[in-house]
Amino acid sequence: MKKVGLISNEADFMIHGLFSYEAFGQTFWITTTHVGMIIITALFIVLGLVAHHRMKKAEEIPGTLQNILELIVEMLDKLVHTNMGKYAGKFANYIATLFLFVLISNISGIFGLRSPTADYGVTLMLALITFAMIQFNGIKHQKLGHFTALFKPIPLLFPINLIGELATPLSMSLRLFANMLSGTIILALWYGLIPIFLKIGVPAFLHVYFDLFSGCIQTYVFCMLTMIFVTDKIGES
Amino acid sequence: MFSGQDLIYACSAIGAGLAMIAGIGPGIGQGIAAGYAASAVGRNPGAKGDITTTMLLGQAVAETTGLYGLAVAFILMFVKPFS
């Protein structure tokens, strides 16, 4: 059977299908993306359990681990509070989780995984969660005004407003996906096509730019846009 | 000889190259953003951190249009929607 689409073995930067199974008359693939996500999720579960265990007997003067955990939580809380103001409390958990997951996914290219965020399925789902949050909060806080806002300033602009609303998840997911995919591809090309003596040492700089720098910036942008859109919908009430 | 399929592949490759012309726009936009950020830092060196953060955020958003071109090029090259 010919493997179609992004699941193929033709080039090195593609998503590889590891094994397939049949269900509901369809063929499903367990891909490298699933493996990467399972590794990252397991890492977070272990980290969460360790952190929970550690913070149950928190000390007045924090040790190393407690210090690091407090640093992370304070940094993420501050990020949410500066952007969402008094609404931050409800969203801090989700935004912090999103931030950590996307960040570790983006920089996992350094550790030899194929970044899960370089798969459109992952980023589209993340963006659709954001889209659902935007719509839910819009309806909750503005009631009918959420829909009449589409007909402002004049009813003629309704199609454009509708497209603008629906383009949000598309642009957010494509931004994150394409950034991580371009990094993955350039590194794969470098590792695949360059003579051997250039493969030693030089890719470190590429990893720093494409994985660390680009990954951190895109994580920040994704979380920032989520917060801005949601606060925008709440704040208009 | 050449078949219709070969023509489709050739045109897909040319189309992918043309799609990457989209890279011009973000280049100009990011350059403008960086230029204004540099002049802002020159006027007010104390606000360097805030200016850098804002510049990077704006540049990352401005990059999106170029990445749309990249996505189109990849779809043409690897997903092969017309074959």
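**Figure 1. Which element lines the largest pocket of the predicted model with the largest share?** Helices here are DSSP runs of H or I with at least four residues, numbered from the N terminus. By that numbering, α3(A) contributes nine residues to the lining, the largest share. Three elements of chain A each give two or more residues to the lining: α1 (32-56), α2 (64-84) and α3 (88-107).

**Figure 2. Centre of the largest pocket.** The space inside is about 630 Å³. The lining counts 24 residues. Closest to the centre are Phe44(A), Leu47(A), Ile72(A), Leu76(A) and Leu100(A). By class, 19 lining residues are nonpolar, four are polar and one is charged.

**Figure 3. Contact between chain A and chain B.** Chain A brings 18 residues to the contact. Chain B brings 14 residues. The size of an interface is often given as the accessible area lost when the parts come together. Between chain A and chain B, about 1400 Å² is buried. Carbon and sulfur atoms give 78% of that area. Salt bridges between the two chains number zero. One residue pair, both at pLDDT 80 or more, is in polar contact across the interface.

**Figure 4. The side of chain A that touches chain B.** Two helices of chain A, α6 (158-193) and α7 (202-235), each supply at least two residues to this side. The most come from α6(A), with eight residues. By class, this side of chain A has 11 nonpolar, five polar and two charged residues.

Terms used
Residues are numbered from 1 along each chain as its sequence is written. Chains are lettered from A and ligands numbered from 1 in the order in which they are written. This is a predicted model: local features need pLDDT of at least 70, side-chain atom pairs count only at pLDDT 80 or more; totals for chains, interfaces and linings use all residues. Side-chain values use heavy atoms; hydrogens and water are left out. On a 1 Å grid over the protein atoms alone, a cavity is a set of points where a 1.4 Å probe fits but cannot get out, and a pocket is an open set with protein on both sides within 12 Å along at least five of seven lines; lining residues have an atom within 4 Å of a point. Grid points are joined across faces, edges and corners, and a volume is the space filled by probe spheres set on the points. Ala, Val, Leu, Ile, Met, Phe, Trp, Tyr, Cys and Pro count as nonpolar, Asp, Glu, Lys and Arg as charged, and the others, Gly among them, as polar. Contact means heavy atoms within 4.5 Å. Buried area is the accessible area (1.4 Å probe) that two parts lose on being put together, summed over both. A salt bridge is a side-chain nitrogen of Lys or Arg within 4 Å of a carboxyl oxygen of Asp or Glu. A polar contact is a pair of N or O atoms within 3.5 Å; within protein, one must be able to donate a hydrogen and the other to accept it, and residues adjacent in sequence count only if both atoms are side-chain atoms.
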